[in-house]
Amino acid sequence: RFGGNRNAIPRTLLACMAACALIGGVIYATDGCAFRYPKEIRALAGYHYDSDRDFYEQAYRGGDCFLSAKATFADIAVQCVDDPHGTARLVALWGDSHAASLYPGLREMQKQGAFRIAQFTASACPPVIGLHGERRRNCESFNDSVILRLRALLPDVVILEAHWALYSGTNGWPEFDIATLRGTIEALQAMGIHQIVVIGSLPTWKIDQPRIAFELWRQESVIQDRTAKFLDPAPFTADRSVRTAVLGTKATFISPIDLLCKGGACLISTDPQIPTPVAWDNDHLSLAGSAFFVEHAFKFILAPPN
């Protein structure tokens, strides 16, 4: 502090701070220097959960047709039902965020066939009458309102989908059981809805799915489109439970496990050559994943009623 050139040290420190800020900015702007990876894997190396979450909140029509935990059915927007007075077949989508993740795929397939969409989805609220939980207190009333709206609309097809494995009744989540789902199906049939489609459990991963292909590439230097690593076993059990609930009813059951998995290994990319994640986080369908799944299940979902 008493040297002859007292300004040298602060200037040096400022220069070092500026250099650190510049390096940090470069790393941030290049997604952690993702350019050092091969082109085909670069997008996965630069995966950003937060930006994807914001994007898919809009893609699922969050705030309008996909409601938050504190919202009520009164918050469902008018545009959640395509032309209520139209003549094309009406397909109603009912459920939680997993159901909302089917919407982009339905909208894409709508370009290939004449049908309308009604979307009634709410976070952590499975499409089962009478279900309630501390973490989703509006769920029961939301579903009661959906039933009233479906009775008024009388859609040609009703699709029920949820993250079934989540609803075990623990930690404040609603408790799903076979009898309540079957009762919901019977209530829909009693009001004159002839085609009811129940979708089972989507595969769930222990880490964000876009990270899996990248981790496998780092370990083996090979791009894989299917794996059993990082899979959560709970959805496999839940899928079987939902299948059992549908047995004996006139509803159609579609298993995502059957469509997306083979021999215990599930798809992590819709393209075998270019990594294109099926899910954008650990279980919600990406745009590509939604289009892929709906395309493969479409002939069942919109098949003419018997």
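This report covers aromatic pairs and salt bridges in a predicted model.

## Basis

The model is predicted, so local features need pLDDT of at least 70 and side-chain atom pairs count only at pLDDT 80 or more, while totals for chains, interfaces and linings use all residues. Residues are numbered from 1 along each chain as its sequence is written, and side-chain values use heavy atoms, with hydrogens and water left out.

## Aromatic pairs

Ten aromatic pairs turn up in a search of the whole structure. One of them joins Phe55 and Tyr56, with 4.9 Å centre to centre and 90° between the planes, an edge-to-face arrangement. Rings of Phe, Tyr and Trp (its six-membered ring) pair if their centres lie within 6.5 Å; planes under 30 degrees apart count as stacked, over 60 as edge-to-face and the rest as tilted. Phe55 is partly exposed at 42% relative accessible area, whereas Tyr56 is buried at 8%. For these terms, buried means under 20% relative accessible area, exposed over 50% and partly exposed in between (1.4 Å probe, protein chains only). Phe55 and Tyr56 also belong to one aromatic cluster with Tyr49, Tyr60, Phe66 and Trp280.

Phe115 and Phe298 form a tilted pair, with ring centres 5.8 Å apart and planes at 45°. Because Phe115 lies in strand 3 (residues 115-122) and Phe298 in helix 11 (residues 287-301), the pair ties together parts 183 residues apart in sequence. Helices (H or I, at least four residues) and strands (E, at least two) are DSSP runs, numbered from the N terminus. Phe115 is buried, at 6% relative accessible area, and Phe298 is buried at 17%.

## Salt bridges

The search of the whole structure gives seven salt bridges, each defined as a side-chain nitrogen of Lys or Arg within 4 Å of a carboxyl oxygen of Asp or Glu. Arg53 and Asp50 form one, at 3.7 Å from N to O. Both residues lie in helix 3 (residues 49-59), three residues apart, about one turn of the helix. Arg53 is partly exposed at 39%, and Asp50 is partly exposed at 46%. A network of salt bridges links Asp50, Arg53 and Asp54.

In the salt bridge between Asp82 and Arg107, the closest N and O atoms are 3.0 Å apart. Asp82 sits in the loop between strand 1 (66-67) and strand 2 (89-95) and Arg107 in helix 5 (residues 103-109), so this pair ties together parts 25 residues apart in sequence. Asp82 is buried at 15%, while Arg107 is partly exposed at 24%. Glu108 and Lys111 form a salt bridge at 3.2 Å, N to O; Glu108 is partly exposed at 37% and Lys111 is exposed at 66%.
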